Amino acid sequence: MPVLAVVLALLLLPLCAPVAAADGPDVKLSTAQAGTGGSVTVSGSGWRPHTLLMMLICGRSTPSRGVIGGTNSCANGDGRAVTTDAGGSFTRKLPVAEPPVPCPCVVHVATVTGAKAEADAVLQVAGHPVAPLPAEPAGGRLSILSDTRLTGSSGVLTWFGAPPSRTLVFNAGNVGSTEIKNPVFRVGTAHGVFAPQWDEQQWRGTLAPGKKAQIKLPVELAAGAHGDYTVSLRYDGRVLAEQPWGVSRPWGVTLFWILLCLVVPAAVFRVGMAVVDRVRPRRPGGVSHRRRALPHPRLRSGGGTAKALRLPRSRTPGPEPDPTPTLPWFNPDSAPGSPAGRLSAPHDDSPTSPTTPTTKGPT
């Protein structure tokens, strides 16, 4: 039986090794000590495929306690970015630079986008001062147990420029030896590449050692905010999580300004025309320009006969007009179009005319 147990242990040993390596991301260095001006090769495995990572040399840090003070303890100007391959691995050279705080130092690798993941590897920077780490505060220690998420939606007022708001939700657990009562978090919002603006949020509750709870913290942006934002969660000097937030543009404000640019000039034009209409001087002895004069009767000729237009009725009755017009150079019985009219010039047709011979006697 002991021999059988040893054989089974030897068979299961190769299977357990990959599982231990796959527990989380891992970072290894080509050398454990390097001086300023040199470089160290950083290799990693167990990361998400095709993920952008940032590598920094940080002081006042250990793999067990992390980076105390956040990225303020790192040489940010000499960091390098790297993208993992399809298998979640990478290899990249990192120049060695002195961090702004004393060692112990580590090479800190963390994700830039997506779910937060990080790993540290010990590095001794030659010639850089070393100082003991600050004492770890006694009491409970808070740890994030799940990915953070933003819940909630925008309303109609947000479409018109009201401040967008969400709720940051995550599960946290107490991994310390004493309880945590009413912890105070710092929630930061950063737009693009700008530094986050921090706001303190206190969670009302108590976490006993080994217990966990769901924590909800409100997040609000300024009025009219839009674009890509990043919400960061910080507790006890450490950044615990980061969550991206895409805020849509408040198109209602744009629509309001477009309507304002159309309505205001139209209103000013109407008021100006009303003022001009009142201050315009009237003609002496005339009527207002709003009153239109009655149309004058006109004579229309057609088919050789002149026809008179019907005149509007007047208040005092009068003689009806003659339907046959009288022209100034014709007699009433010789007007054009009358049966007695002639087209030739007038001449004498009397029987006593000396130019016309007369017959006497029977014919």
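G252 is found in helix α3. Helices here are DSSP runs of H or I with at least four residues, strands are runs of E with at least two, and both are numbered from the N terminus. G252 is buried, because its relative accessible area is 1%. Buried means under 20% relative accessible area, exposed means over 50%, and partly exposed lies in between, with a 1.4 Å probe and protein chains only.

The model is predicted: local features need pLDDT of at least 70, side-chain atom pairs count only at pLDDT 80 or more, and totals for chains, interfaces and linings use all residues. Residues are numbered from 1 along each chain as its sequence is written, and side-chain values use heavy atoms, with hydrogens and water left out.

W159 also belongs to a nonpolar surface patch of about 950 Å². Helix α3 provides the largest share, 6 residues. Patches are made of residues with over 30% relative accessible area and no salt bridge; like charges are joined within 9 Å, and nonpolar side chains (Val, Leu, Ile, Met, Phe, Trp, Tyr) within 5 Å. A salt bridge is a side-chain nitrogen of Lys or Arg within 4 Å of a carboxyl oxygen of Asp or Glu. Accessible areas come from the Shrake-Rupley method with a 1.4 Å probe, and for residues only the protein chains shown count as cover. L259, in helix α3, counts as partly exposed because its relative accessibility is 46%.

The largest pocket holds about 1200 Å³ of space. A pocket is an open set of points on a 1 Å grid over the protein atoms alone, where a 1.4 Å probe fits, with protein on both sides within 12 Å along at least five of seven lines; lining residues have an atom within 4 Å of a point. Grid points are joined across faces, edges and corners, and the volume is the space filled by probe spheres set on the points. The lining of the largest pocket comprises 36 residues. T71, K116, S232, V239 and E242 lie nearest the pocket centre. By class, the lining residues are 16 nonpolar, 14 polar and 6 charged. Nonpolar covers Ala, Val, Leu, Ile, Met, Phe, Trp, Tyr, Cys and Pro; charged covers Asp, Glu, Lys and Arg; the others, Gly among them, are polar.

Strands β4 (52–58), β6 (66–67), β9 (105–111), β10 (118–126), β19 (227–235) and β20 (238–247) each supply at least two lining residues. Strand β20 gives the most, with 5. L240 is placed in strand β20. At 15% relative accessibility, L240 counts as buried. The C-alpha atoms of L240 and S143 are separated by 7.8 Å, although the two residues are 97 apart along the chain.

Backbone geometry was examined in the loops. A cis peptide bond joins C103 and P104, with omega of about 20 degrees. P104 lies in the loop between β8 (90–95) and β9. H50 is a residue other than glycine with a positive phi, near 55 degrees. H50 sits in the loop between β3 (39–45) and β4 and counts as exposed, at 59% relative accessibility. R60, also not a glycine, has a positive phi of about 50 degrees. The loop between β4 and β5 (61–62) contains R60. At 33% relative accessibility, R60 counts as partly exposed.
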